[in-house]
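Here's a quick briefing to read alongside the model. Have the sequence and the 3D view open as you go.

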Amino acid sequence: MTGTLAARISAHPFFAALTDEQRAALAGDGAAVAFAAGERLFDEGGSADRFWLIEDGSVALDMGVPGRGDQIVETLASGTVLGWSWLHPPYRWHFGAVARLATTAIEFDAPSVRRRCDEDPAFGYAALRLFTPVITERLQATRLRLLDLYASPSQVRQREILQADT
Amino acid sequence: MTGQGTTMPPLTDPAPAVPCFYRVASRREDTGDTVTVELAEPDGPVPAFAPGQFAMLTALGVGEVPISVSGLGDSGGGRARLLQHTLRAVGAVTRALCAAQPGGLIGVRGPFGTGWDVASAAGRDIVIVAGGIGLAPLRPVVLTALADRSRYGRIVLLAGTRTPGDLLYADELERWRRDGVEVAVTVDHAERGWSGEVGLVTALIEPAGLAPGNSVAFVCGPDIMMRVTADALAALGIPAGRIRVSLERNMRCGAAWCGHCQLGPLLVCRDGPVVGYDRAAALMRVREL
């Protein structure tokens, strides 16, 4: 990925709704980062002090399940945002995140962005409007996955038996 | 381009109601509950099934179900001699069909319904989005496009499945990749060792970098999956008339006689299963009675 950070942020559709000034301010809180495949970005329960715009690569969100290891709940591809636990207290990650592939991203300093949101409500509102659709979209996708649409009747029965037995 | 599949002429004689008996030439277990059978017409080539069309398959003494064609085999001399169907055991009839062994007999009526009309995508990119066993009716789209590769732009196949173990045609997906098909797979539930994507199939759309102005989309899977996928493709800019979905309703006669498969103004066995999303969108939101 080439270009200055400000230019990359300005060119990215995710930030299209921000004004030039807001994008420039955000660039001041950002830094270009790279992760090797397999490198962990954060652990479940850790301090949510950053968020990322994935420019290239893929990141898996996971959760440690006793007896089953780290279970991947979702993968996030290039062009998407990683991390929203920084928006609200207690500012702790609900899941862990690990790079599936070599990944490049813009990393943002979350406490600094939060401070900017508090000091400038117009900026804060604009930032929230960037994240709300992402949160909504992932919630809807999760709800659809909960429907288990691809399950055969026997798989549905198996699931029901398991649920009844636990 | 009409945005619809290829419409078959209306059937007026009773022949479509009488099954021909095909012999099971081969049987392959794809997943734990999914089987692909090849059926041979005893007296020669099989009828010209177009991609997307379906047959009514009879398990003797059990019943009859509509199953889309998933391919044609042994096509020497330009006429296929084998009909390929991928079946999932979900009820008494499909369980019996899945259990049929080579040499056994299966009743076949058809071809019925509209096809994907792959040729109408000539000069454009082909975007195929499959959910679960919905990959089976879409397999002929890939095969048709690959057989005449220079007529089409990119071929993008996005597949969602329940678990890695439920993925159909895993070997073929690898072969298609080598042949230049851009294949992306996501699962709802990852298993240990799965290194691919996890999430809804719609999450694969944006990273695919589609050219909406020059794409024709073929979508097949559970109704809700087709709806959210078609909506996402339309939101990207692919006109609804260039997004085709394959509707599954209660097809019985296959010839628009009985009305069991009526969906609003459509008799799905005749006017579908392949329908443009410009027509299907509103109908897919109608609650069943």
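**A well-covered helix in chain B**

Helix H2 of chain B is largely enclosed by the rest of the structure, because 10 of its 13 residues are buried (a residue is buried if 20 or more other C-beta atoms lie within 10 Å of its own, exposed if 12 or fewer, and partly exposed in between, with C-beta atoms placed from the backbone). Keep in mind that this is a predicted model, where local features need pLDDT of at least 70, side-chain atom pairs count only at pLDDT 80 or more, and totals for chains, interfaces and linings use all residues. Residues are numbered from 1 along each chain as its sequence is written, while chains are lettered from A and ligands numbered from 1 in the order in which they are written.

**More on H2(B)**

- Helices (H or I, at least four residues) and strands (E, at least two) are DSSP runs, numbered from the N terminus.
- H2(B) covers residues 135-147 and reaches 18 Å from its first C-alpha to its last, close to the 18 Å expected at 1.5 Å a residue (the expected span is 1.5 Å times one less than the number of residues).
- Its buried residues include B:Leu135, B:Pro137, B:Arg139, B:Val142 and B:Thr144.

**The sheet in chain B**

- Seven strands of chain B make an open sheet with mixed pairing, in the order S11-S10-S9-S8-S12-S13-S16 (two strands pair if DSSP finds at least two bridges between them).
- S11 and S16 (274-276) of chain B sit at the edges with a single partner strand each, so one side of each has no neighbour in the sheet.
- H2(B) packs on this sheet and touches S8, S9, S12 (215-220) and S13 (243-246) of chain B, and its direction makes about 160 degrees with that of S8(B). Here, contact takes C-beta atoms, placed from the backbone, within 7 Å, and axes are lines fitted to C-alpha atoms, for helices over the stretch in contact, with angles running from 0 to 180 degrees between N-to-C directions.
- S8(B) (residues 125-131) and S9(B) (residues 155-161) pair in the parallel sense over six bridges, and B:Val129 stands opposite B:Leu158 in S9(B).
- S8(B) also pairs with S12(B) in the parallel sense, over six bridges; there, B:Ile128 has B:Phe218 as its bridge partner.
- S12(B) and S13(B) run parallel and are joined by three bridges, with B:Val245 as the bridge partner of B:Val219.
- Six of the six residues of S12(B) are buried, so the strand is largely enclosed by the rest of the structure.
- From S12(B), B:Ser215, B:Ala217 and B:Val219 point one way, and B:Val216, B:Phe218 and B:Cys220 the other way.

- Which residues of H4(B) are buried? They are B:Met225, B:Met226, B:Val228, B:Thr229, B:Ala230, B:Ala232 and B:Leu233.
- What covers them includes helix H4 (121-146) of chain A, together with S8, S12, S13 and helix H6 (277-283) of chain B.
- H4(B) has 14 residues and reaches 20 Å from its first C-alpha to its last, close to the 20 Å expected at 1.5 Å a residue.
- B:Gly237 follows H4(B) and has a positive phi, near 125 degrees.
- Between the chains, 24 residues of chain B are in contact with 21 residues of chain A. H4(B) gives the largest share of the chain B side, three residues.
- By class, that side of chain B has 10 nonpolar, six polar and eight charged residues (Ala, Val, Leu, Ile, Met, Phe, Trp, Tyr, Cys and Pro count as nonpolar, Asp, Glu, Lys and Arg as charged, and the others, Gly among them, as polar).

**Two domains in chain B**

- Chain B is assigned domain 1 (15-112) and domain 2 (118-283), with bounds that come from an automatic or database domain assignment.
- Taken over C-alpha atoms, the centres of domain 1 and domain 2 of chain B are separated by 21 Å.
- Their contact takes 20 residues from domain 1 of chain B and 21 residues from domain 2 of chain B.
- S7(B) provides the largest share of the domain 1 side, three residues.

**Chain A at a glance**

- Chain A has five helices and eight strands.
- Buried residues make up 26% of its 166 residues.
- The C-alpha trace of chain A spans about 55 × 35 × 30 Å along its principal axes.

Technical notes
Contact = placed C-beta atoms within 7 Å.
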